[in-house]
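Q: I'm new to this one. Can you walk me through it?

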Amino acid sequence: MTAESLVSDSVIPLRTSDTGDEALGMMSDFYIRHLPVVNNTQLLGILTEDDILNNDVEEAVGSYQLSLPHMRVLADDHIYEVMRMLADFKLTVVPVVDQQGNYIGLITLADLLQFFARTSSFQDTGSIIVLEVPRRDYSLVEIARIVESEGAYILSSFLSSSSDAAVFDVTIKVNSQDIFSILNTFERFEYQIKASFNENVYHEALKERYDALISYLNV
């Protein structure tokens, strides 16, 4: 999946002749804090709220010194690069350009979240297991083998850890609602189970709380 496949034209880039006040209005309309500035088709960089507030809002943004002049991804970059840039620089949009630096469009943080929300790993029901695994012992192949030995399979997985930590938190989503045997097998292989969640139970608990709230409001 490349950046080009997520490009949106719902947010119009700024021209150099647009004022800071107009830029603030667009940011407010789209609930974003960044906007690309384009001269004809050439991307000049990203304008931030701070850039505007540090200058005269009545002046054209073309006269501003952009604090993020080189923030962009190429059309054929993987969406993981988009994710990295959004996270590392706390952006709300990432401009997408071709090999010549011509502006193609942008990807918003909301676009990226909606993309992942529509994938099968989020849409398909299942259960979530969080394992604490020493870095030296981590093997996704081994974890998948354990899950598959119990007749299930992994829908998605990701790692989280601080850079100096000796362990990974490995979060996996499996396609089974009944994970008792999977948990037992992990324990048999001396895996540390940090947490587990059954989506049906979680959704039922939410529904019970919702019903209780509605009942309370109707009293």
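This is a predicted model: local features need pLDDT of at least 70, side-chain atom pairs count only at pLDDT 80 or more; totals for chains, interfaces and linings use all residues.

A: Let's start with a helix pair. The crossing of α6 and α7 is right-handed. Right-handed means the near helix is turned clockwise from the far one by less than a right angle, and left-handed means anticlockwise.

Q: At what angle do α6 and α7 pack?
A: Helix α7 covers residues 180-188, and α6 packs with it at an angle of about 135°, their axes 9 Å apart. Axes are lines fitted to C-alpha atoms, for helices over the stretch in contact, and angles run from 0 to 180 degrees between N-to-C directions. That makes α6 oblique to α7. Angles under 35 degrees count as roughly parallel, over 145 as roughly antiparallel, 65 to 115 as roughly perpendicular and the rest as oblique.

Q: Which residues make that contact?
A: From α6, Ile143, Ile146, Val147 and Ser149; from α7, Ile182, Thr185 and Phe186. Contact means heavy atoms within 4.5 Å. The contact of α6 with α7 has five nonpolar residues, two polar and no charged. Here Ala, Val, Leu, Ile, Met, Phe, Trp, Tyr, Cys and Pro count as nonpolar, Asp, Glu, Lys and Arg as charged, and the others, Gly among them, as polar.

Q: What does α6 lie across?
A: Helix α6 (residues 140-149) lies across β7 (127-134), β8 and β9, and runs at about 145° to β8.

Q: What is the strand order in the sheet with β8 and β9?
A: β8-β9-β7-β10, an open sheet of four strands with antiparallel pairing. Two strands pair if DSSP finds at least two bridges between them. β8 (154-160) and β10 (192-198) are the edges with a single partner strand each, so one side of each has no neighbour in the sheet.

Q: How many bridges join β8 and β9?
A: Six, and β9 spans residues 167-174. Phe158 stands opposite Thr171 in β9.

Q: New topic. How many aromatic pairs are there?
A: A search of the whole structure finds two. One of them, Tyr138 with Phe168, is edge-to-face, at 5.5 Å centre to centre and 75° between the planes. Rings of Phe, Tyr and Trp (its six-membered ring) pair if their centres lie within 6.5 Å; planes under 30 degrees apart count as stacked, over 60 as edge-to-face and the rest as tilted.

Q: What does that pair tie together?
A: Tyr138 is in the loop between β7 and α6 and Phe168 is in β9, so the pair ties together parts 30 residues apart in sequence.

Q: What about α3 and α4, how do they cross?
A: Helix α3 (residues 79-88) and helix α4 (residues 109-118) cross at roughly 130°, with axes coming within 11 Å. The crossing is left-handed. Ile79, Tyr80, Met83 and Leu86 in α3 meet Leu109, Leu112, Phe115 and Phe116 in α4. Those residues divide into eight nonpolar, no polar and no charged.

Definitions and conventions:
Residues are numbered from 1 along each chain as its sequence is written. Side-chain values use heavy atoms; hydrogens and water are left out. Helices (H or I, at least four residues) and strands (E, at least two) are DSSP runs, numbered from the N terminus.
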